[in-house]
Each structure stands twice: as C-alpha cells, then as structure tokens.
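Biologist: I am new to this protein. May I put some questions to you about it?

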Amino acid sequence: MKNKVAPPLPPEVDAGKRKILLAAAVGDGEYPPGTTAQDLADVRMPVMETMIDVNGAQYADSQGGETVLHYAAEFGHLPAGTTAAVLASVKDAHGTTPLHLALSNHHLPQEIRAADLSALSRQDGYTELHVAATYGCYPSDTTVEALINTICDNGWSALHEAAGRVNLLPKTTVRDLVTTRRTDGRSALDCLSDRILEIDELEAGIAKRILEQVPQLILASRQTEGPNVCSQEQLHEVGAILGRIVRVQTVEWMAIELLKLPIINVKHPVKKPH
C-alpha cells in the first residue's frame, strides 16, 4: 500500500488573511475586493495530524489539508469568474477537489459549461460531467446529446450515470436510454431499470424522482413520428420497467399513481423513422 500524504503546502499565508478568507467562504461570501478563486486555492488549511493505518502507512487526517476554495465550494460562496479548471486544480488529503464539493452540494457556478466538465477526466476517461450526472447538478447548457457522447473507456456514458442515479434531463427519451449502450451491451435503460428494482431500499427523494421522470419517458415514447419514435422492441423494454415498478409492493403508492397514466399499448404498430 502506498503512503498517503497531504498535498504540499503553498507559500506561508498570513494567518490573519487566512482567517478573513475562511470566514467569508463559510459565512457571507463577502471577500476582500479583487479576491479570485485562485487566491482561495492558494490558501491551504494546516493538516491537523498525521495518522497511521493498520498497514503502518502514514496519511494525513483530512480534518485539515483542504484549501479555502474547498470550503467556498461546499458552502456555495465561490467568487465570480470561478472556472472548472481552478476548482479541479487542488485536492485535500483524501483527493477531493472543490469541484466535487460544488457538484455534490449543487453549488456549480453558472459560468461553467458542460464542455468544461467533459474536458476534465481521469485516466479511465470518467469525466466531471459523469460526476455532474451522479448528483443531478448540470451546467445550464447540458443536453442529452452531451451526456450520450461523454463516454469512459468502457463505454459508460454520462447518460448511463444519470439513468442509474435517476437524474435524467427533461428531454430524455426512451429511445435515448435504449440505444445508448456500453461496450458490453448494457443500456442506460438497464441502469434505470436496476435502480427501480432497488426502490424499496431507496431514500424518498430518489423514489420521488422516479415517479416524476418515468412517466415523462412514457409520454415521450408515444410519438408516432419524428426522431424520437420508438420501435416495438423499445416499447416492450419500457413496458417491462413499468411492470417492475408495479410489482414493488413497498411503494404501492407509486404503482397506483403510475397506473393512472395512459399506459402504452404495445400491440399497436408504431411508425418507424425513415
């Protein structure tokens, strides 16, 4: 096991300045005039202590080691003009970036675009747009097409991530979910379906999103012409999803609500696109 160590400290910062910036980051966001995100990234909090794990490796306790930018991202007090690149440029002792905190807490700056996130990736191709899909915190210009085309090395798209977390964009269609497949053939619809099977163990927020988003998919798939028209086989797949929801007894209220919808009659022929 490799030793885990805290990132190196930047040049010493005046303790008074650190206190002022930190107070603004976790408080009212009122920074001294001219303060930038890079200024906050350059101010790292002291590591509290060095600990030893069971294998004898040293690592820094993450009670310290974060930058002020980490706190600003977590509390939603990022300076104007903050970019995705700056948010991804520093890590705490556990490898967490301010960008991850901004996404997980839904504090992503409005200036950041989907292309900014898809351009930031790990070695396996997993991008920050995948992370955005995990938390349902999307840049304002994010499209379903962008999620489909942002792909890891194994073919896992940001749409797979969105479906598995039930964070679908409003214009997502069943056709999008069925035709977006990983290299092993697993579709984004499979991810959504698997999550529905787990719904009796899910928190209420995810259950609510399923109730909101699945009917939307059903209604969109009823189109008889246009680019999003579904084939007979695709309608059968989404029909199977409905069946799974109805069979989940612990969320009977959801099944009742879904059964009130105009369910697709898959016996009727559906016009296919030319």
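Biologist: Is Cys137 buried or exposed, and at what relative accessibility?

Modeller: This is a predicted model, in which local features need pLDDT of at least 70, side-chain atom pairs count only at pLDDT 80 or more, and totals for chains, interfaces and linings use all residues. Residues are numbered from 1 along each chain as its sequence is written, and side-chain values use heavy atoms, with hydrogens and water left out. Buried means under 20% relative accessible area, exposed over 50% and partly exposed in between, with a 1.4 Å probe and protein chains only. Cys137 therefore counts as buried, its relative accessibility being 7%.

Biologist: How many disulfides does a search of the whole structure find?

Modeller: A disulfide is a pair of cysteine sulfur atoms within 2.5 Å. Throughout the whole structure, the number of disulfides found is zero.

Biologist: Is Thr180 buried or exposed?

Modeller: Thr180 belongs to the loop between α10 and α11 (188-197); helices are DSSP runs (H or I, at least four residues), numbered from the N terminus. Its relative accessible area is 6%, so Thr180 is buried.

Biologist: Where does Leu168 lie, and is Leu168 buried or exposed?

Modeller: Leu168 sits in the loop between α9 (158-164) and α10 (174-179). With a relative accessible area of 8%, Leu168 is therefore buried.

Note on methods. Helices (H or I, at least four residues) and strands (E, at least two) are DSSP runs, numbered from the N terminus.
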